[in-house]
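Here is a colleague's note to be read alongside the model. The points are numbered so that each can be checked separately against the coordinates.

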Amino acid sequence: MIQNIPEIEELSVCAWLTPLPGKRLSGAVYSYFMSESFNGNGFLIFFNDNAPFNLEVYVNYEKRETLPTFENIFFYKSHICLLVSTKNNVVSLYVNGSFVMTEGFHVDKKPIRGNGKVILGQEQDQDEGGFQASQAFSGTIKNLIVWDHKISKKKIEHLYKTQCICPQDYVMVPTQNAVKIHGNVKANYITQC
Ligand SMILES: [Ca+2]
């Protein structure tokens, strides 16, 4: 992808996520890779398919880092928001409009550098590539929006209650010609506001 991504100190990502029938969510929802990031993603949202099936959030991914993980509670359609701060080294999770918890990184984080590549539904081990089938996202991603700041609690509630809104002051939103989809992913796009 496609749209120019600026350097980011704080970040919010919201989306509706729905598992496939009879399955739990697994794999990479959102992978942001910079060609300089030899060890991994600048930003990654990943449902680990191994017990205990945590939702993992990587920022400036380096080997051996201890990352924020959240218990996997996504067996049903859910609206999730992840609010990331590289100033405070924390990630907060909201589900269906409500705050769930905040977890910290154990390695200090710098801002996430700009001009990387976003892939929905697969985990990049290299620029727009290095995909592993076992890390493909299983489920449906809908109304994914990214902001370059922490959005308010009120906005999170609004996003959940209105289901679909016209995104405002966002950094990146998938449109049909601005995103690459890989894996077992059904993508829905905001087509009109
Ligand atoms: Ca990989």
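**Notes on the predicted model**

1. Asp125 is partly exposed, with a relative accessible area of 39%, whereas Glu123 is buried, with a relative accessible area of 6%; here buried means under 20% relative accessible area, exposed over 50%, and partly exposed in between, with a 1.4 Å probe and protein chains only. Both residues belong to the calcium site, where the protein donors are Glu123 (OE), Asp125 (OD), Asp125 (OD), Gln132 (OE1) and Gln135 (OE1), lying 2.1 to 2.7 Å from the ion. Donors are N, O and S atoms within 2.8 Å of the metal (3.2 Å for Na, K and Ca), and since water is not among the atoms, sites may look incomplete. Along the sequence, the donor residues of the calcium ion follow the spacing E-x1-D-x6-Q-x2-Q.

2. On the basis of these values: this is a predicted model, in which local features need pLDDT of at least 70 and side-chain atom pairs count only at pLDDT 80 or more, while totals for chains, interfaces and linings use all residues. Residues are numbered from 1 along each chain as its sequence is written, and side-chain values use heavy atoms, with hydrogens and water left out.

3. The largest nonpolar core has 33 residues, and those with the most contacts inside it are Leu17, Val29, Tyr30, Phe43, Leu82 and Leu144; such a core is a set of buried Ala, Val, Leu, Ile, Met, Phe, Trp, Tyr and Cys residues joined through side-chain atoms within 4.5 Å. At least two residues of this core come from each of several strands, among them strand 2 (27-33), strand 6 (78-85) and strand 10 (139-147), and strand 1 gives the most, with four residues. Strands, numbered from the N terminus, are DSSP runs (E, at least two residues).

4. The link of Cys14 and Cys81 is right-handed, with 115° about the S-S bond. Because Cys14 lies in strand 1 and Cys81 in strand 6, the pair ties together parts that are 67 residues apart in sequence, and both cysteines are buried.

5. Strand 1 and strand 10 run antiparallel and are joined by six bridges, with Val13 standing opposite Val146 in strand 10; two strands count as paired if DSSP finds at least two bridges between them. Eight of the nine residues of strand 10 are buried, so this strand is largely enclosed by the rest of the structure.

6. An open sheet is formed by five strands in the order 5-4-3-2-9, with antiparallel pairing. Strand 5 (69-70) and strand 9 are the edge strands, each pairing on one side only. Two bridges join strand 4 and strand 5 in the antiparallel sense, and Leu55 stands opposite Phe70 in strand 5.

7. Gly42 sits in the loop between strand 2 and strand 3 and is buried, with a relative accessible area of 0%. Gly42 and Pro111 are 69 residues apart in sequence but 9.3 Å apart in space, C-alpha to C-alpha.

Definitions and conventions:
A disulfide is a pair of cysteine sulfur atoms within 2.5 Å.
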